[in-house]
Amino acid sequence: MTTPDLSATNAADPATERARAAIETVFRDEGRRVFATLIRLLGDFDLAEEALQDAFTAAVAQWPKGGVPDNPRAWLVSAGRFKAIDTIRRRTRFDASLATLGGQMDATAPAPDEAGVEDDQLRLIFTCCHPALAADARVALTLREVCGLTTEEIAHAYLTAPSTLAQRIVRAKNKIKSAGIPYVVPAPDDLPERLDTVLQVIYLVFNEGYSASAGAALTRADLSGEALRLGRLLLGLLPQPEVMGLLALMLLHEARRAARTNAEGDLVLLDDQDRTRWDQTQITEGVGLVRRALAAGGAGPYVLQGAIVGVHALAATAAATDWGEIVALYDLLLRSAPSPVVELNRAVALARRDGPAAGLAVLEAILARGALSDYHLAYSVQAELNRQLGRSAEARAAYQKALSLARHEPERRFLERQLSSLPE
């Protein structure tokens, strides 16, 4: 989704300046939702993308003259839809099926929301998570086309190459067209089978907002806020333990946002954060959701991760953290959802409970088998544990490896400071 070109507007005119600000705000806050609605109405990703760009182009031309509409999102949806009809009419001599679609769209008003899902973006996430698509393709397609993450951001989350992710997205879109997968809300009985992928998508969006994969800023509040909004909608649709666990996990992480960086935008580690800056309202809600999920018999990956973050959130000080409980929860999580990243996090907790040598032994076994070889945080942990053990040469090598892999400026500055603090 390309940022609308506002260069042709006259910034000296107050009305134009108000329109410019409104267009920028709507593009940032509502653009992906408008896109999701257009996909539902048009039934085609590429046509919806073109219609969205045409709608914003029309807004750039008309809003400075006629004023900002009372409902900008509805205006853009309507404008995009009619632009798409015009596009289809121009192409009808080349494709008879487009003529049929154009006639259907011209004769009907935009379809009302279908029962069960009240938000087009959430609806579209479920649609992209159709079981006919490969699991990795479902996630990649949804993150790219519905949630607006770049191919590079998604590839970072998957620890894979951007070109590989791009191929998955193309294959998924082709599959939707060739198989005739409809853009409809799944029946209630079909919703649970798509839940795991939907939860994964929402959490990946949150992670990119909570800890951006690259760039100058550590976080992207727009993405984490959107993930929280979708999580609440999903909980209203399916009040199941894992949905509660996901929302709790996101809330408990988000509660620490203000304390994660200092005034210069540099990273502040968990132990050094000012806990008075943590959002207690979000902590209370998150812990409450974890307790509800556990009481309902939930012990899935999101519930367990929410419980782990809840232990941190309830500790008045870093020294008061119950690392024994956290290790036990990671043991359960490894049985429920084993992964090298979970093993890494457990190694960190083990080091806090039993000492750096215990954690380092586990971490180096993970690295020895080739897992996490391109993950900068694994080498950052390795460096820190070696530093605590007085192994400066090993720590230096690990910090240098982490620095070579890190793409995020606050993390790079942190690693550089740690590296420079090591004794020669």
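Trainee: What does R40 form a salt bridge with?

Mentor: R40 pairs with D120, and the closest N and O atoms are 2.4 Å apart. A salt bridge here is a side-chain nitrogen of Lys or Arg within 4 Å of a carboxyl oxygen of Asp or Glu. The pair links distant parts of the chain, with R40 in helix α1 and D120 in helix α5 (residues 120–128), 80 residues apart. Helices are DSSP runs of H or I, at least four residues, numbered from the N terminus.

Trainee: Where do these positions come from?

Mentor: This is a predicted model, in which local features need pLDDT of at least 70, side-chain atom pairs count only at pLDDT 80 or more, and totals for chains, interfaces and linings use all residues. Residues are numbered from 1 along each chain as its sequence is written, and side-chain values use heavy atoms, with hydrogens and water left out.

Trainee: Is R40 buried or exposed?

Mentor: R40 is buried, and D120 is buried too. Buried means under 20% relative accessible area, exposed means over 50%, and partly exposed is in between (1.4 Å probe, protein chains only).

Trainee: How many salt bridges are there in the whole structure?

Mentor: A search of the whole structure finds 21. One of them joins R20 to E17, with the closest N and O atoms 3.7 Å apart. Both residues lie in helix α1 (residues 14–42), three residues apart, about one turn of the helix.

Trainee: Which accessible areas go with R20 and E17?

Mentor: R20 is buried at a relative accessible area of 18%, while E17 is partly exposed at 34%.

Trainee: What does R33 form a salt bridge with?

Mentor: R33 bridges to E30, where the closest N and O atoms are 3.9 Å apart. R33 and E30 are both in helix α1, again three residues apart, about one turn of the helix. R33 counts as buried because its relative accessibility is 17%. E30 has 21%, so E30 counts as partly exposed.

Trainee: Which residues are linked with R33 in a network?

Mentor: Salt bridges link E30, R33, R73, E226 and R229 in a network.

Trainee: Changing topic. Where does Q282 lie, and what does its side chain reach?

Mentor: Q282 is in helix α12 (residues 280–295). Its side chain reaches the backbone nitrogen of A255 at 3.3 Å. Q282 is buried, with a relative accessible area of 18%.

Trainee: Which residues does Q282 touch?

Mentor: Not counting residues up to four places away in sequence, Q282 touches L251, L252, E254 and A255. Contact means heavy atoms within 4.5 Å.

Trainee: How many residues are in the largest nonpolar core?

Mentor: That core has 103 residues, and those with the most contacts inside it are I202, L234 and M250. Its largest share, 12 residues, comes from α1. A nonpolar core is a set of buried Ala, Val, Leu, Ile, Met, Phe, Trp, Tyr and Cys residues joined through side-chain atoms within 4.5 Å.

Trainee: What is L234 in contact with?

Mentor: Leaving aside neighbours within four places in sequence, L234 is in contact with L122, F126, L195, V198, L199, I202 and V243.

Trainee: Last one. What is phi of L372?

Mentor: Phi of L372 is near 65 degrees, a positive value in a residue other than glycine. L372 sits in the loop between α16 (356–368) and α17 (376–388). L372 is buried, with a relative accessible area of 9%.

Methods:
Helices (H or I, at least four residues) and strands (E, at least two) are DSSP runs, numbered from the N terminus. A polar contact is a pair of N or O atoms within 3.5 Å; within protein, one must be able to donate a hydrogen and the other to accept it, and residues adjacent in sequence count only if both atoms are side-chain atoms.
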